[in-house]
Amino acid sequence: MKERLEALRQEALEQLQSVADATSLNDLRVQYLGKKGQLTEILRGMGALSAEERPVIGQVGNDVRAAIEAVITEKQEGFDRAATAHRLQAETIDVTLPGKAVNAGSIHPLNKVAQEIEDIFIGMGYTIAEGPEVETDFFNFEALNLPKNHPARDMQDSFYITDEILLRTHTSPVQIRTMKAMNGQTPVKVICPGKVYRRDDDDATHSFMFNQIEGLVIGPNIRMSDLKGTLLQFVQEMYGPQMQIRLRPSFFPFTEPSAEVDVTCAQCGGEGCRMCKHTGWIEILGCGMVHPKVLEHGGYDPKEVTGFAFGMGVERIALLKYDIDDIRHFYANDTKFLSQFAKM
Amino acid sequence: MNVSYRWLSDYIDLGGISPQELAEMMTRGGIEIDSVPSRNAGVSGVVVGYVKTREKHPDADKLSVCTIDAGTGEDLQIVCGASNIDAGQKVPVAKVGAKLPGGLDIKRAKLRGVESQGMICSARELGINDKLLPKEQQEGILVLPADTEIGRDILEVLALNDSILELDLTPNRSDCLSMIGVAYEVAALTGRPLNLPNPGKGLYPTAELTSDYIKVSISDPELCSLYTARYIKGVKIGPAPQWVQNRLIAAGVRPINNIVDITNYVMLEYGQPLHAFDAAKIAGGRIDVRLAKAGELLVTLDDQQRKLEPHMLVIADAEKAIALAGVMGGANSEVTSDTTDIILESAKFDGGSVRRTSRQLGLRSEASARFEKEVNQAFVREALDRASALIALYAEGLVTEGVAEAKISFPEPVKIELSLGRINGMLGTELSSLEIKTILSRLQFKAEVSGERSWSVTVPSRRGDITRDVDLVEEVARLHGYDEIPTTLIEGLTTTGALTKPQAIRRELRTIMTNAGLQEAVCYSVTSLQRTKLFKELSGETKPIALAMPMSEERSVLRTVLLPSLLEAAAYNLTRKNNDLALLEIGNVYHSDEAVLTRLPQEKPRAALLLSGNRRSASWNRSAEPVDFYDAKGILEKVFERLGLAGRVAYVAAQPVGFHPGRTAAITIHTERGTETIGYVGQLHPELQRDFDLPDTYVAEIELAPVYEYADRHIEYRTLPRYPAMERDIAVVVDRGVAGGALTDAITAAAGELLESVKVFDVYTGDRIGSDKKSVALALVYRHGDRTLTDEEVTEAHARVLAQLEQSFGAELRK
């Protein structure tokens, strides 16, 4: 009987060796190990064995079953793997075709740049003050040391609505409103962003409506050197640590001393190029120490406090930052233009 | 102001400083110089020639053959095409080998068979802007004065070897609207001494008294503080000397005749405008400075009749107005070639008055530009004397003894207290007293010590811009150099930067809406009147706010509603073939109930959106999906959900103007003040779609003030459900007019606390239920927070729901 079992093992393993598919494998499993299979058939003859032989032959029978089962399992796994591989092969797609578009919006480049500037100053401890776009002559001009008939009003041809009410020509009136609201308290540390309006004919570099961001700091001991330090910090955070600034004396009715601020030309790094007209510098800001008359109009004693103010055009910063050729693009709202600013 | 480098060197030694270096120095000192063009546009080898003979060309009607003495020893034969060439003239001759602007090289040539050894030049060929030449010299070749030296280099004769500094002056530095003012500035920058003209030099008055010829008076002392005049007899009108003309042209002023040119020359030199009257045309031997009479007429020098207004200041004789003070002379007193005696005026008129008059009449001149910025009264008399002396010299005039003068006031010199502490405290510098004194002396400001480290500084009248100590601080700073100011950090001010709630919410709104696929637009705040009328409810009861002087009708009133701007943007994009649009704008509208503003209007922040075309464009694996109402509403729902407002906001069918009447909802917000409408969402009315050439377009506009006020950023955490929910789906058949929102509201009310959520998941209309009916399928979820629900509880609640639906809407459960 032992010989029969060994022969069965031999025969089964040989047949399993050459089995080619899962169905044939199952047929062999039934043929050898099924309830009516050949192994069962042989072991049915165990009853005729002696008590000594029975466990020995039983053991042999178990060994044969285990050996056959092991091969069948191994074979089965192989067939399963092949079947899976085949199925996955059939499921192959063209991964080079485009994905399903997710509609992405975009923040307007002017607001994007304005937010960037705001965030830098918020990080430096500033808050944001806003004021009306339709202003009184007093806040827009008089309180800023620009009395009626002042020649400097020429610099800012204005849209009047009545003799006393106009579209603000700069965000500076917000400075006066902020000072008045502070009631003589210091420190004042604000930036004032917003739309402003001037009677300019629109062209590639002029727009009758544009955006400004101004800053105002007032305290007991604010110096022009602090202004320089503040602007340097801003410029380096905005454009990179390699940037430098240069102040040139200038004139604004609401500051004295006043300065125009140039930054290192980002295009050429200060070497001189077409963009900076070969000077290495680009003008981006106006600034100065707050004029005593403006402090007085804001409710401060110019003997007790000093302050500095600065202002920049958001369009100009954005034009330079993105190398945009025409300011009118900002207001045409062509989606081919807007969508370019969807990046974070 | 255009400053000739050579002219400037008359007043200050510029040795060792090139025009470019000077420009850089001045720019860094606060006088910005745009560019420094050379007056020589590329001329060499051109000399003065004398036309000895002129013959007609044998073979060409329009050409002349000239014999020229160009000081070369041998006569030159030159063929010339100009019609004004004639024998006896002195002309610019480009010899063989000469170069002219534009890279033109002069070579020996044959013109129609006749040899030509050079070229006779026009002003334009020499690179001179012929608009700046006297009229008679604009045509043909340039004819030079008869006494011009033969053979002399034309660059010397016309002073073309010079550079122009183009000053871009800020309004405060009107002192630099004069050569002398610029010289003072350069002296301060360089520390070099000045060499200014002596105004009385060459002035030898006759024995006759001015007062016998002319008397002057000021009737309006507010607008004229000093009026002076001289009487000059027997002038010979003719061209001014070449050097005067050269300097005027360099400064951009066209030469006219010796009298006008000299007044202009002195104006450029001193910054004091002068005017010459023909004395023969002045009635009554007197001049009065007075206000114009109502309806008074004056023909000005440009031959325009001007209707004067009573606020305008005029110069008048005994009978009539003869000039608009400081703005323009009258034709009735003009100096002409027949003039023999002149009255020369030098005065100080009020800047504001001149500005108002010149603006109102649209007459701006070199003179008015200077008066507007307040001329230096100390120069009034100096300029008068300087011009009189030059007229005596170059127009053979005889100046009578004495000056006719009317003086109202003479300004006191400005004295300012300045301390070292103030300067260093304001600038953050550590300047010494000595450095301050050096700077003040370079400016030629007198400084007297008034205390320890403080001075009383007397400001010369030419610097009218300096009135306070901070002005002196700036002078010190700019001459010390802005680069020398250190870079420091603010000391002792610790502040926290942050956004206010509305600012933070506005940013959040922008983020949510752009994340929802909208592209942010920024549109103009001004629009046409017609545009403000398109959306009545959104514009509210406001009166249009119109600009007094708009640039165009399209930009003449402040917008009262945002949407028309987005419609324009959409229409623009469609013409650019951008068909799928999802736009957003956050901006202000301007409302007022006043027809004429006496107080500031309300500026209301709003957000608007526009959707048009496809939500998704067609792709290889899906077809295009056009946008609909629910896309627009969905974005708003997301906005309100994210801002914590979902519970307060509701949508109610509405028919506002400008919207599709069947596809529009009013957006309401519920607050302790009650329920108010804050905007609309819907399809654009088909008529508006047609007017703007838009396909089906969905829009919304909402008021942001209530959003800012009620937005709730607080997050209330609820523990996750620990007990299972029971879900029941129902489908009910109701009349078509029943709003889905009404059904869910009724269900929520009837079900009680056990209902966790109710959602519409299908709406069916069709034959199977009757044409006036619809079937609404709803998914209800019941849950108890503390225990598992029993079937009985849910059944009971659900029965209440069905009963309520039947009672309120006649709803039938669909099987």
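A:Lys277 is placed in the loop between S7 and strand S8 (281–290) of chain A, where helices (H or I, at least four residues) and strands (E, at least two) are DSSP runs, numbered from the N terminus. The model is predicted, so that local features need pLDDT of at least 70 and side-chain atom pairs count only at pLDDT 80 or more, while totals for chains, interfaces and linings use all residues. Residues are numbered from 1 along each chain as its sequence is written, chains are lettered from A and ligands numbered from 1 in the order in which they are written, and side-chain values use heavy atoms, with hydrogens and water left out.

**Backbone features**

Most residues other than glycine have a negative phi, and most peptide bonds are trans. A:Lys277, although not a glycine, has a positive phi of about 50 degrees, and at 70% relative accessibility this residue counts as exposed; here buried means under 20% relative accessible area, exposed over 50%, and partly exposed in between (1.4 Å probe, protein chains only). B:Asp693 likewise has a positive phi, near 60 degrees, and belongs to the loop between helix H17 (686–691) and strand S37 (697–703) of chain B. With a relative accessibility of 65%, B:Asp693 counts as exposed.

Two cis peptide bonds can be described in chain A. One runs from A:Thr186 to A:Pro187, with omega near 0 degrees, and A:Pro187 sits in the loop between helix H7 (172–182) and strand S4 (188–197) of chain A. The other joins A:Glu256 and A:Pro257, with omega about -5 degrees, and A:Pro257 is part of strand S7 of chain A.

**Annotated positions**

UniProt, in an unreviewed entry, lists A:Glu256 under "binding site"; such positions are given in the numbering used here, feature names are shortened, and annotations may be inferred rather than shown by experiment. A:Glu256 lies in strand S7 (residues 255–264) of chain A and is buried, with a relative accessible area of 7%. Not counting residues up to four places away in sequence, A:Glu256 touches A:Met289 and A:His291, together with B:Met426, B:Val470, B:Asp471 and B:Glu474 of chain B, contact meaning heavy atoms within 4.5 Å.

For chain B, the "binding site" listing in UniProt, again from an unreviewed entry, names B:Asp465, B:Asp471, B:Glu474 and B:Glu475. From this set, B:Glu474 and B:Glu475 are in the lining of the largest cavity. On a 1 Å grid over the protein atoms alone, a cavity is a set of points where a 1.4 Å probe fits but cannot get out, and lining residues have an atom within 4 Å of a point.

B:Glu474 is found in helix H12 of chain B and, at 4% relative accessibility, counts as buried. Residues up to four places away in sequence set aside, B:Glu474 touches A:Ser250, A:Glu256, A:Pro257, A:Ser258 and B:Tyr482.

B:Asp465 lies in the loop between strand S26 (454–459) and helix H12 (469–480) of chain B. Apart from neighbours within four places in sequence, B:Asp465 is in contact with B:Asn172, B:Arg173 and B:Asp471.

B:Thr210 is found in the loop between helix H4 (179–190) and strand S12 (215–218) of chain B, and is buried, with a relative accessible area of 1%. Among the residues that B:Thr210 touches, not counting those up to four places away in sequence, are B:Ala229, B:Tyr231 and B:Thr400. Two side-chain polar contacts are set out below, a polar contact being a pair of N or O atoms within 3.5 Å; within protein, one must be able to donate a hydrogen and the other to accept it, and residues adjacent in sequence count only if both atoms are side-chain atoms.

| Side chain | Partner side chain | Polar contact |
|---|---|---|
| B:Asp465 | B:Arg463 | 3.0 Å |
| B:Thr210 | B:Thr400 | 2.6 Å |

B:Leu755, in strand S39 (residues 755–764) of chain B, counts as buried at 13% relative accessibility. B:Leu755 and B:Glu727 are 28 residues apart in sequence and 9.7 Å apart in space, C-alpha to C-alpha. Neighbours within four places in sequence left aside, B:Leu755 is in contact with B:Ile747, B:Thr748, B:Leu780, B:Val781 and B:Tyr782.

Note on methods
1 Å grid on protein atoms, 1.4 Å probe; cavity = no way out; pocket = protein on both sides within 12 Å on 5 of 7 lines; lining within 4 Å.
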